[in-house]
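Welcome to this tour. Open the structure in your viewer, keep the selection tool at hand, and follow along stop by stop.

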Amino acid sequence: MDTVVSRPTPTAPATSPAALRKLYLLRFAFAAVWAALLFSTADELGPLSGVLLVLYPLFDAACAVVDLRSTRGADGVTTRLWANIALSVLTGIALAVALASGIPAVLRVWGVWAVTAGIAQLAVGLVRRRMGGQWPMIASGTISALAGVSFFVQAGKDGATLMNLAGYALLGGLFFLASALRLDSTHRRS
């Protein structure tokens, strides 16, 4: 009689907390610098603000690729990360096109992306919640989706600026920092 040993399928993603912590810290630093640069140019669309606007979702896509590579055997996470990569790359392209139409068009594209990226971030955070340190990501995803709606509404008003996008990025970066610190404390306790 043969004995078959089966290993249970992991219920939580097999992502290294240390790798995720480093990625979150990088995302915080990028968001802080990006927000400061955009804040200084938020009143008009110029070459610097245009590059920054296209760069942000592309950086998000690159981070999702890094996250995907460090995620092993996490079916629930990989699908969501692939969706985030596709959305972010498409947003970078859409923003490059929207730059020619002005700030309201940029805010509309950014708003749609903030909603969809927020939902993706919320979904990944929910799948990873057993890992620890994910409540800031869950909150951030929810806030991102709500902020996206406000960007879309703001686009229809007179005097629309990019100022709120800088605040959005900074707040998102702070959530990444909080999650990195929570991952560190959770990892130390285990």
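Before the first selection, one term: two residues are in contact when they have heavy atoms within 4.5 Å of each other. Keep in mind too that this is a predicted model.

**Stop 1: the whole chain**

Show the chain as a cartoon and trace it from its start. You will pass 6 helices and 2 strands, in the order β-α-α-β-α-α-α-α. The chain has 190 residues, and 45% of them count as buried. Take the contacts between residues at least 6 apart in sequence: 78% of these join residues at least 24 apart.

**Stop 2: Leu-53**

Now select Leu-53 and display what surrounds it. Which residues is Leu-53 in contact with, leaving aside its neighbours within four places in sequence? They are Trp-34, Leu-38, Leu-45, Leu-95, Leu-99, Val-106, Trp-110, Leu-162 and Leu-165.

Several of these names return when you look at the largest nonpolar core, a set of 32 residues. Leu-53 is among the residues with the most contacts inside this core, together with Trp-34, Leu-38, Tyr-56, Trp-110, Leu-162 and Leu-165. To see where the core comes from, colour the helices α1 (17–39), α2, α3 (75–98), α4, α5 and α6 (163–189), as these are the elements that give two or more residues to it. Its largest share, 8 residues, comes from α4.

There is also a second, separate core of 7 residues; select Leu-20, Phe-176, Ala-180 and Leu-183 to see some of its members.

**Stop 3: α1 against α2**

Next, hide everything but α1 and α2. A pair of packed helices is described by the angle between the axes and the distance between them. Here the angle is about 180 degrees, and the axes are 11 Å apart. Angles over 145 degrees count as roughly antiparallel, so α1 and α2 are roughly antiparallel to each other.

Show the side chains along the contact. From α1, residues including Leu-23, Phe-30, Trp-34 and Leu-38 take part, and from α2, residues including Leu-52, Leu-53, Tyr-56 and Phe-59. By class, the contact has 16 nonpolar, 2 polar and 3 charged residues.

**Stop 4: α2 against α4**

Keep α2 (residues 47–70) and bring in α4 (residues 103–127). Their axes are 12 Å apart and meet at an angle of about 15 degrees. How do the two helices run, roughly parallel or roughly antiparallel? Angles under 35 degrees count as roughly parallel, and α2 and α4 are therefore roughly parallel to each other. Their crossing is left-handed.

To view the contact, select Leu-53, Tyr-56, Pro-57 and Asp-60 on α2, then Val-106, Trp-110 and Trp-113 on α4. These divide into 6 nonpolar residues, no polar ones and 1 charged.

**Stop 5: α4 against α5**

The axes of α4 and α5 come within 7 Å and cross at roughly 165 degrees. That makes α4 roughly antiparallel to α5. The crossing of this pair is left-handed. Their contact has 14 nonpolar, 10 polar and 1 charged residues.

Stay here and select Ser-144, which sits in helix α5 (residues 135–154). Is Ser-144 buried or exposed? With a relative accessible area of 5%, Ser-144 is buried. Not counting residues up to four places away in sequence, Ser-144 touches Ala-114, Val-115, Gly-118 and Tyr-168.

Thr-142 is also in helix α5. At 35% relative accessibility, Thr-142 counts as partly exposed.

**Stop 6: two last selections**

Bring back the whole chain and find Gly-76 in helix α3. Gly-76 counts as partly exposed, at 27% relative accessibility.

Finish at Leu-174 in helix α6. This residue is partly exposed, with a relative accessible area of 42%. How many residues apart along the chain are Leu-174 and Tyr-24? They are 150 residues apart, and their C-alpha atoms are separated by 9.7 Å.

Technical notes. Residues are numbered from 1 along each chain as its sequence is written. This is a predicted model: local features need pLDDT of at least 70, side-chain atom pairs count only at pLDDT 80 or more; totals for chains, interfaces and linings use all residues. Side-chain values use heavy atoms; hydrogens and water are left out. Helices (H or I, at least four residues) and strands (E, at least two) are DSSP runs, numbered from the N terminus. Buried means under 20% relative accessible area, exposed over 50%, partly exposed in between (1.4 Å probe, protein chains only). Axes are lines fitted to C-alpha atoms, for helices over the stretch in contact, and angles run from 0 to 180 degrees between N-to-C directions. Angles under 35 degrees count as roughly parallel, over 145 as roughly antiparallel, 65 to 115 as roughly perpendicular and the rest as oblique. A crossing is left-handed if the near helix is turned anticlockwise from the far one by less than a right angle, and right-handed if clockwise. Ala, Val, Leu, Ile, Met, Phe, Trp, Tyr, Cys and Pro count as nonpolar, Asp, Glu, Lys and Arg as charged, and the others, Gly among them, as polar. A nonpolar core is a set of buried Ala, Val, Leu, Ile, Met, Phe, Trp, Tyr and Cys residues joined through side-chain atoms within 4.5 Å.
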